[in-house]
Amino acid sequence: MSSSNFLVLLKAFTESLKRAFQENDIELLKAEYDAARASDNDKKTALHQAFRDTLLTKTEDIPAIERFISFAVTSCRKDMTVATMPVVLLGDIFDAVTLDRAEKIFTYVENNVTIWKEEFFFTACKHNLLRMCNDLLRRLSRSQNTVFCGRILLFLAKFFPFSERSGLNIISEFNLENITEYGMEGNEMTLEQLSGGNEAEEDAETEENKLTIDYNLYCKFWALQDFFRNPNQCYNKVQWKTFATHAGSVLAAFSSFKLEEHRASSATSKVPDGPTAADSPMEEDQIRESGHFFAKFLTNPKLLSLQLSDSNFRRSVLVQFLILFQYLNSTVKFKAEAHILSQAQSDWLKETETVVYRLLEESPPNGSKFANTVRHMLTREELWNSWKNEGCKEFKRPEAVLEEASTTTATPNTGAGSGGTSATGSGRPPAKRPRRPLGDLIRDATKQGKFYMGNPEITRLWNLCPDNLQACKGTDRNFLPSLETYLENPKEKQDPSFEWRALRLLARQSPHFFTLFNTPSYKVADYLESVRKKIQKDKLDIKLENAIKEETAAPSAEQTEAEGEGLVGDEEHEQMETELLKTEQLTPEDKNTHKTLAVSKVQLAELAPSIGKDWKKLATKLGYSADEVQYFESENATVPDQCCHLLTLWFDDDMDASLDNLAYILEGLEMMAAADAVKQMIALLSDKAEEVSE
């Protein structure tokens, strides 16, 4: 489509769109759309741009914006524009207005969530809606626009299904970036702030504020936020002791300083929580209006006494305790195996949880009602935790089960009214025969010396052999080929995993895997060939020994047969000699003639710089623990010295320590530069050894 045709369509559609919107008649726009001579794609593109241009002229009138978006939804249903256009218009208007206006317009998005969840819009608009909400969240401040951020997140929760992966914390990660900073440094200044302040305020509140705040309590209180941020720290024994000590001090401070009802509601505060509380909705509305919420804690030392005197602040901290306790006690799929509480820790959590609930009930206003609500919410949270452990399955309404239940409940009534007709005559299926108890079936099978597994086919398999262990050990269940057959089979050698399988068979069936050992730098294929020849030689030796034994043990009357056996023995002896000649002609790489080279500490110090900072990886591979690695670091200042200390200790303690094994291990760790340096030292030491021997 040329630019001139696009501009003509855009102008015509803009005029007809304004006229149709003013008269609230979509048919005017539909008639203009059908009368245009262009392809559907060109017309949709022009009308789409007309909608976007027209919307930007109405940024001041929020009701007009809402009606215009609804008009765009109707045009989508008439197949005049693409399904994503209403969401695109919402994104444009959110970008063009202030945050105050955006919050008012977002009410329209929330109220029409059913439209966005329709199949026609959901598939096309879900990514655009998610992008629009994320753009809004980036513009908002979580501390100043907390309510608006929460509305957006709640809308996304209503819009997307529960099983939507993008909205789930699948592996149970914590927001470790939410760090609460407080006055750990500058103890003198913090102490002054805790002890100082306005003397007039102190005199006025001396009777009310009975809680003494010191620097120790201040640090313990705010240090607990790090455990709430990352609860997995509590599984560490040292961290657990710190948490238990700090929690005990804070809860003791809460218990010693009781909160009282607000003075303005002193008359009503004497009324206990019960039916009378439900009869005074005005009081609950006042409580909700007077409550304040801040997304981030204020950790100024001067504010701590006021914060501990605030009911909302105290409740938020106590609820944090309960959430942490529930996580530590619950079974989470992605918890590490080591994250298990001891019996003493579990008992401490139960006792402390009782104390926390008691403090919640004592915190006004409506303490008992608030504590019961928190207990109910945490119980529901256990259900969500179980749902997540099961893989976040999609929720489906069991319609078929409900229909069957309704039919089964309706059938007995009709049968009773029919005058006692039979079960088959009334349309009901015949009654099932009662099943025998499982215990009786197992008992009868045990008396007959058989097994009963609950399934006919599995029961038959278990009863094929009276002793299942001997059946598993039977020769017919040995599917491994013999080593000699596997090494001589040319088809097997074409398998890429031939060498690995051959070494496995060799370790299982032959002692040569442990005695005839070549250095790892030699080729595995040559090593296997030498092993095959060695096996053939051993086989000939055994045959020769058997022949000699039979010859000496045979009576003289069977001399003819003995001579024949002697001939066979001579033939085998000649064959053995030829095999030995072949073995002597093997290359030096095939023979196990390598000798371990002695290495001095000076030479190890030369190798250390080539390994460098990767020496910790090498230490782990050599079997050293984290404590031993830390010991190497503490004993030596530089990295080369630490590496040299590691190599020296390894060569002194390990019987298998050699330069060849070191080169092999470095190659496995992909430290090629260090492996080459070791090989060069091997070659140098080998040359020196040959010179000394000559």
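## A patch on the surface

Which residues make a nonpolar surface patch of about 560 Å²? The patch is made by Phe451, Met453, Ile458, Leu461, Trp462 and Leu464. Take Leu461 as a way in: this residue sits in helix α23, which covers residues 456–462. Leu461 has a relative accessibility of 44%, so it counts as partly exposed.

## The chain as a whole

Welcome to a predicted model. The chain contains 36 helices and 0 strands. It has 694 residues, and 32% of them count as buried.

Among the contacts with a separation of 6 or more, 67% are between residues 24 or more positions apart.

Moving inside, the largest nonpolar core has 55 residues. Within this core, the residues with the most contacts are Leu29, Phe51, Phe94, Phe106, Trp116 and Phe155. Helix α4, residues 62–77, gives the largest share of the core, with 8 residues. There is also a second, separate core of 41 residues, and its members include Leu217, Cys219, Phe221 and Phe325.

Setting aside residues up to four places away in sequence, Phe155 touches Phe106, Val109, Glu110, Val113, Trp116, Leu129 and Cys133. Two of these partners, Phe106 and Trp116, are also listed with Phe155 among the residues with the most contacts inside the largest core.

## Glu103 and its partners

Glu103 belongs to helix α6, which runs over residues 99–111. Its relative accessible area is 27%, so Glu103 is partly exposed. Beyond residues up to four places away in sequence, Glu103 touches Phe148 and Arg151. Leu136 is 33 residues from Glu103 along the chain, and the C-alpha atoms of the two are separated by 9.8 Å.

## A buried asparagine in a loop

Is Asn636 buried or exposed? Asn636 counts as buried because its relative accessibility is 16%, under the 20% limit for that class. Its place is the loop between α33 (626–635) and α34 (639–653).

The side chain of Asn636 has polar partners on two sides of the sequence. One of its polar atoms lies 3.1 Å from the backbone oxygen of Phe632. The side chain of Asn636 also makes a polar contact, at 3.0 Å, with the side chain of His645. Leaving out neighbours within four places in sequence, the residues in contact with Asn636 are Asp641, Gln642 and His645.

Most residues other than glycine have a negative phi, and most peptide bonds are trans.

Where is the cis peptide bond? This bond joins Pro364 and Pro365, with omega at about -5°. Pro365 is found in the loop between α19 (343–362) and α20 (367–389).

Asn24 has a positive phi, near 55°, although this residue is not a glycine. Asn24 lies in the loop between α1 (3–23) and α2 (26–35), and it counts as exposed because its relative accessibility is 63%. Glu670, another residue other than glycine, has a positive phi of about 60°. Glu670 is located in the loop between α35 (659–668) and α36 (672–693); with a relative accessible area of 67%, Glu670 is exposed.

Technical notes
Residues numbered from 1 in each chain as written. Predicted model: local features only at pLDDT ≥ 70, side-chain atom pairs only at ≥ 80, totals over all residues. Heavy atoms only, no water. Patch = residues over 30% accessible without salt bridge, like charges linked within 9 Å, V, L, I, M, F, W, Y side chains within 5 Å. Areas by Shrake-Rupley, 256 points an atom, 1.4 Å probe, with all protein chains shown as cover. Salt bridge = Lys/Arg side-chain N within 4 Å of Asp/Glu carboxyl O. Helix = DSSP H or I, 4+ residues; strand = E, 2+ residues; numbered from the N terminus. Buried < 20%, exposed > 50% of the residue type's maximum accessible area, 1.4 Å probe, protein only. Polar contact = N/O pair within 3.5 Å; in protein donor to acceptor, adjacent residues only side chain to side chain. Contact = heavy atoms within 4.5 Å. Core = buried A, V, L, I, M, F, W, Y, C linked by side-chain atoms within 4.5 Å.
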